[in-house]
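Biologist: I'm new to this one. Can you put it up and take me through it?

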Amino acid sequence: TRECLLTNAHAHTNISQAARQKNSDTFSCGLYTWRWKCSSAVTPRITSHYTICPRDKDPRWEGVEMERFADEADVVIVGGGPAGLSAAIRLKQLANEQEKELRVCLVEKASQIGAHTLSGACLEPSALNELFSDWKERGAPLNTPVTEDVFSLLTKKYRIPVPMLPGLPMNNHGNYIVRLGHFVRWLGEQAEELGVEIYPGYAAAEVLFHEDGSVKGIATNDVGIAKDGSPKDVFERGMELHAKVTLFGEGCHGHLAKQLYRQFNLRENCEPQTYAIGLKEVWLIDEKKWRPGRVEHSVGWPLNRNTYGGSFLYHLNEGEPLVALGVVVGLDYTNPYLSPFREFQRWKHHPFIAKTLEGGNRIAYGARALNEGGYQCLPKVTFPGGMLIGCSPGFMNVPKIKGTHTAMKSGMLAAEAIFPKVTAKDLASETAGLHVPEYEDNLKKSWIWKELYSVRNIRPSFHSYFGLYGGMVYTGVFYWILRGKEPWTLKHAGLDSAQLRPAKECTAIEYPKPDGKLSFDLLSSVALSGTNHEGDQPPHLTLKDDSVPVANNLAIYDGPEQRFCPAGVYEYVPLETGEGMRLQINAQNCVHCKTCDIKDPSQNINWVVPEGSGGPAYNGM
């Protein structure tokens, strides 16, 4: 006789005799694995998400209604960031100018527009000037023009000033310090006034395809799924949004964009994207130390010369003495013991930084990955039925530390290429989903392409033996003199996930304990992000193979995910038997930065969207 062994006595799922006969060997029910065999030890599962554990093989889903309601639009946009909203606005501007009907729908996974937006941010207003020449009269929240620009090379105790020469990419004359979440919220208001339909709290979970392979639209996430992967009584299927063209503006390392790269081979002729993680805090400081409009950037300590990164400290003019500060660490670092979060915390103890913060109060925290590959890593951005815009393909100008202006411009260019196609009486297209290659052609003729090409060698120049110092010399000599016209193009190091060295080859990093005044622990920091997820849902941090973290990441790299995650999502804890370790995923902590999906040395983690509205609740980050 066969016996069903269940690892957890609290499991409540009843398996019918028919289901046992139908699945006579093994099937997974979320956190548990059922096996029909004489007797054996059963391993607890970590991943219960349907993208890893298909529902059609799970008897608990038998008889559940899976039909989705579908709606039609002319254009569907995924992501309510600067690129998506600029595209939506430009489409409706063109439609209103030419008195044409055009339905534009935008879905955003955050509970409200701007709640998942995080950036420094120092905004170059070039694209905004093009989108709204009257943005000041419209009340755009650009309250802090840059008045002072400071650049430093930090040693452990001292600061070496670096001259900010005119023409260098870091020069911020004419720019504005902004709280990007507030700016994005304002863009959302402008879009709605023009007639864009905005649906916050709806995460695009799936790309839909026509029979000919072109993109048909997207499906939003299902709701009402229990943590073990079973349907709740309140289960509801997501809805489908179909469109002539779908724009994907998910931001850095979008999970749908990853699928599109594979589906259409979009990265065939470019280098692998390289990334960084940016960690940010907002502080209320002593008014005597407040210098509205002052911009400070630094490189050097606490990172060594071979770890790419830098820091920023911006003095906002928002009616109270606020500063935004943070550290950016390139994810091509090699030491698995490095913790970007703890590097950030100790950076604040540098005398040049501490003097601004002492006596102040930290009021916000967050983190986000950012693209750093630039020109060499740009994929093909058009395909039948859709296109990529903004930070999803990666238009960030790394030496400037700016990507908002290029993201906005890419969305506007996409809109201008789409509009005549979707409003034409005769939709001449070889595929069911419209292919608009003119967007990519227009990109290559725009100032985005010229700008990214001119700085293409600055980031990879840091890969020399001299690291930081070699990169600074290259920027000062070749860029300042040649303005990117050098007849060569340097290469990046490759996939960030392939850069870690085994732990036995590296020196462990001893970080100081947080003092609770300038530096803080991880969990109290995450609490300031307002992060919240429905607890009873499958973890959206999925593992392709649940055995890999312990067998590979812990064994070889000493579990780097517990250090590169800026939110305490990943922990290695002892097994209940006391023998060995297991990975614990605290998905409710996730701030949606995507770092784990990028840096995991096994490429075993696949970040997917949780239920809509879950995640951080940033207020003007």
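Biologist: Where is Ile481 placed?

Modeller: Ile481 is in helix H11, residues 468–482. Helices here are DSSP runs of H or I of at least four residues, and strands are E runs of at least two, numbered from the N terminus. This is a predicted model: local features need pLDDT of at least 70, side-chain atom pairs count only at pLDDT 80 or more, and totals for chains, interfaces and linings use all residues. Residues are numbered from 1 along each chain as its sequence is written, and side-chain values use heavy atoms, with hydrogens and water left out.

Biologist: Is Ile481 buried or exposed?

Modeller: Exposed, because its relative accessibility is 59%. Buried means under 20% relative accessible area, exposed means over 50%, and partly exposed is in between (1.4 Å probe, protein chains only).

Biologist: Which residues form the nonpolar patch on the surface?

Modeller: Ile481 is in it, with Leu165, Val473, Val477, Trp480, Leu482 and Trp488. Together they have about 600 Å² of accessible area. Patch residues have over 30% relative accessible area and no salt bridge, and nonpolar side chains are joined within 5 Å. A salt bridge is a side-chain nitrogen of Lys or Arg within 4 Å of a carboxyl oxygen of Asp or Glu.

Biologist: New topic. How many aromatic pairs are there?

Modeller: The count is 15. Rings of Phe, Tyr and Trp (its six-membered ring) pair if their centres lie within 6.5 Å; planes under 30 degrees apart are stacked, over 60 edge-to-face, and the rest tilted. Trp61 and Phe235 are edge-to-face, because their planes are at 85 degrees, with centres 5.1 Å apart.

Biologist: Where do Trp61 and Phe235 sit in the chain?

Modeller: In distant parts, 174 residues apart. Trp61 is in the loop between strands E3 (32–37) and E4 (70–78), and Phe235 is in strand E15 (residues 231–236). Trp61 is buried at 7% relative accessible area, and Phe235 is buried at 14%.

Biologist: What about Phe209 and Phe264?

Modeller: That pair is tilted, because the planes are at 50 degrees, with centres 6.3 Å apart. Phe209 is in strand E12 and Phe264 in helix H5, 55 residues apart. Phe209, Phe248, Phe264 and Phe383 form one aromatic cluster.

Biologist: And helix H10, which residues are buried there?

Modeller: Ile448, Trp449, Glu451, Leu452 and Ser454. Ser446 caps the N-terminal end of H10, with a side-chain oxygen 3.2 Å from the backbone nitrogen of Ile448.

How values were computed. Patch = residues over 30% accessible without salt bridge, like charges linked within 9 Å, V, L, I, M, F, W, Y side chains within 5 Å. Areas by Shrake-Rupley, 256 points an atom, 1.4 Å probe, with all protein chains shown as cover. Polar contact = N/O pair within 3.5 Å; in protein donor to acceptor, adjacent residues only side chain to side chain.
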